[in-house]
Amino acid sequence: MCDTCGCGDPNVVPVEVHARILSDNDRTAGHNREHFEEAGVLAINLMGSPGSGKTAVLEATARAAGGRLRLRAVSGDLATERDADRLNAAGVEAVAITTGSACHLDAALVHRALHGLDVRGTDLLFIENVGNLVCPAVYDLGQTANVVALSITEGEDKPLKYPVMFRKADLVLLTKVDLSPHLNVNLAALEHNLARVMPDPRFIRVSAQTGAGVEAWLDWLEARQPVRSGAEAAQPRH
Amino acid sequence: MHEYSIVSALIGQVEAEAARRHASRVHRLRVQIGELAGVELELLRTAYMTFRERTICEVAELDVELVEARWICPGCGCALARGSLLQCSECERPARLVQGDEIVLERIEMEVDDHV
């Protein structure tokens with residue numbers, strides 16, 4: 001009741017919160033990150049449109065790494081385990097995350113999937129996100145770096161249309177470059193558009209078909225691998 | 001449509017604050033959404049109207065403040081013009097986003113019992 005005159009108005013108080021709405025997700029992402037750091041694994045959140053070539057790039061990565069690196073993956077899709085099956089066939093031990101109707105992975109989904117995948121002794125862990133150029137950018141998963149696969153068939157203006165995704169990218173893989181002779185696409189214009197939405201624009205032109213650019217991509221990954229201190233032998237924490 | 005999952009997290013946060021303060025109703029929420037947060041405001045409002053039913057937010061208004069993106073050079077501190085390359089034209093360093101990616105619950109106006 002109102003203290004001033006006793007009029008019966010409810011006592012409404014303002015409560016200042018100033019908290020990120022996704023703070024629960026951030027906490028779980030922090031937990032995942034500790035996991036990855038303890039295991040000495042480089043965790044890559046691989047995002048991109050449906051059909052941008054995320055799975056094909058990972059298959060090509062496995063072929064090029066040729067047993068030199070231990071690769072594992074969690075692979076998110078609305079339905080089916082096809083991507084995880086393809087990755088397992090390519091030599092990347094992978095588990096599927098089937099999201100149902102969710103258009104993105106969140107930190108809790110990744111955490112649950114990690115229970116089915118031992119990341120100890122892994123060099124590179126790929127978190128293949130749901131194909132989508134919008135929603136996945138909003139959720140921290142605990143990754144070390146964000147990589148966006150953008151196929152040159154998607155057009156030069158995609159970075160300008162989806163600035164949130166590209167702002168978060170540490171690297172953009174321009175995929176399907178072997179199709180360049182058949183397309184009317186200006187790769188220099190595409191790269192210029194990336195520089196308008198990425199503060200530190202980094203990109204590699206790759207082709208999963210011919211293997212072009214895959215070595216440069218592996219070099220980029222290996223340069224970011226954490227230095228191991230023997231902690232990778234530690235038991236996983238939960 | 002991640003706006004639904006954001007609203008679900010928002011209402012969970014409000015319920016927890018309200019329980020902590022023994023509030024009986026919530027009248028108003030104020031959130032900040034950055035221009036580069038990746039949140040579509042109309043979808044957020046629609047999701048809120050759907051999800052607030054049968055929660056403590058059932059009659060609570062949602063105020064959304066849109067925060068404009070602002071980039072500065074971390075070296076010389078100068079602001080970058082909207083739509084320009086995200087690199088300082090003077091020292092060529094990558095720009096830093098200083099505001100515009102907020103997804104923040106700022107304030108809750110809630111009705112509390114005098115005697116608690």
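Two strands are taken to pair if DSSP finds at least two bridges between them. Helices (H or I, at least four residues) and strands (E, at least two) are DSSP runs, numbered from the N terminus. The model is predicted: local features need pLDDT of at least 70 and side-chain atom pairs count only at pLDDT 80 or more, whereas totals for chains, interfaces and linings use all residues. Residues are numbered from 1 along each chain as its sequence is written; chains are lettered from A, and ligands numbered from 1, in the order in which they are written.

**View 1. An open sheet of four strands has the order 1(A)-5(B)-1(B)-2(B).** The pairing in this sheet is mixed. Its edges are strand 1 of chain A and strand 2 (61-67) of chain B, each of which pairs on one side only. From one strand to the next the twist averages 20°; axes are lines fitted to C-alpha atoms, for helices over the stretch in contact, and angles run from 0 to 180 degrees between N-to-C directions. Strand 1 (residues 12-20) of chain A runs antiparallel to strand 5 of chain B, and seven bridges join them. Strand 5 of chain B also pairs with strand 1 (residues 23-34) of chain B, in the antiparallel sense and over nine bridges. Helix 1 of chain B lies across strand 1 of chain A and across strands 1 and 5 of chain B, running at about 40° to strand 5 of chain B.

**View 2. Chain B touches chain A through 27 of its residues.** These residues are in contact with 30 residues of chain A, two residues being in contact if their C-beta atoms, placed from the backbone, lie within 7 Å. On the chain B side, helix 1 (3-20) and strand 5 (103-112) each supply at least two residues. The largest share, ten residues, comes from strand 5 of chain B. By type, the chain B side divides into 15 nonpolar, four polar and eight charged residues. Here Ala, Val, Leu, Ile, Met, Phe, Trp, Tyr, Cys and Pro count as nonpolar, Asp, Glu, Lys and Arg as charged, and the others, Gly among them, as polar. The model scores ipTM 0.91 and pTM 0.92.

**View 3. Seven strands of chain A form an open sheet in the order 4-3-5-2-6-7-8.** The pairing is parallel. Strand 4 and strand 8 (203-205) of chain A stand at the edges with a single partner strand each, so one side of each is left without a neighbour in the sheet. The twist averages 20° from one strand to the next. Helix 8 (residues 214-223) of chain A lies across strand 2 (42-48), strand 5, strand 7 (171-175) and strand 8 of chain A, at about 150° to strand 8 of chain A. In total, chain A has eight helices and eight strands.

**View 4. Strand 3 (residues 71-77) of chain A is largely enclosed by the rest of the structure, because seven of its seven residues are buried.** A residue is buried if 20 or more other C-beta atoms lie within 10 Å of its own, exposed if 12 or fewer, and partly exposed in between, with C-beta atoms placed from the backbone. In a regular strand the side chains alternate between the two faces of the sheet. In strand 3 of chain A, one side carries A:L71, A:A73, A:S75 and A:D77 and the other A:R72, A:V74 and A:G76, all of them buried. Strand 3 of chain A runs parallel to strand 5 (residues 124-128) of chain A, with five bridges joining them; A:L71 stands opposite A:L124. Six bridges join strand 3 to strand 4 (residues 93-98) of chain A, also in parallel. In strand 4 of chain A, A:I97 stands opposite A:G76, and A:T98 is the bridge partner of A:D77. The chain crosses from strand 3 through helix 3 (residues 82-89) to strand 4 of chain A in a right-handed β-α-β crossover: with the strands pointing away from the viewer, the path from the first strand over the helix to the second runs clockwise.

**View 5. A:Q143 lies in the loop between strand 5 and strand 6 (145-151) of chain A.** A:Q143 counts as buried because it has 24 C-beta neighbours inside 10 Å. Apart from neighbours within four places in sequence, A:Q143 is in contact with A:A43, A:I44, A:N45 and A:I127. A:N45 is 98 residues from A:Q143 along the chain, yet their C-alpha atoms are separated by 5.8 Å.
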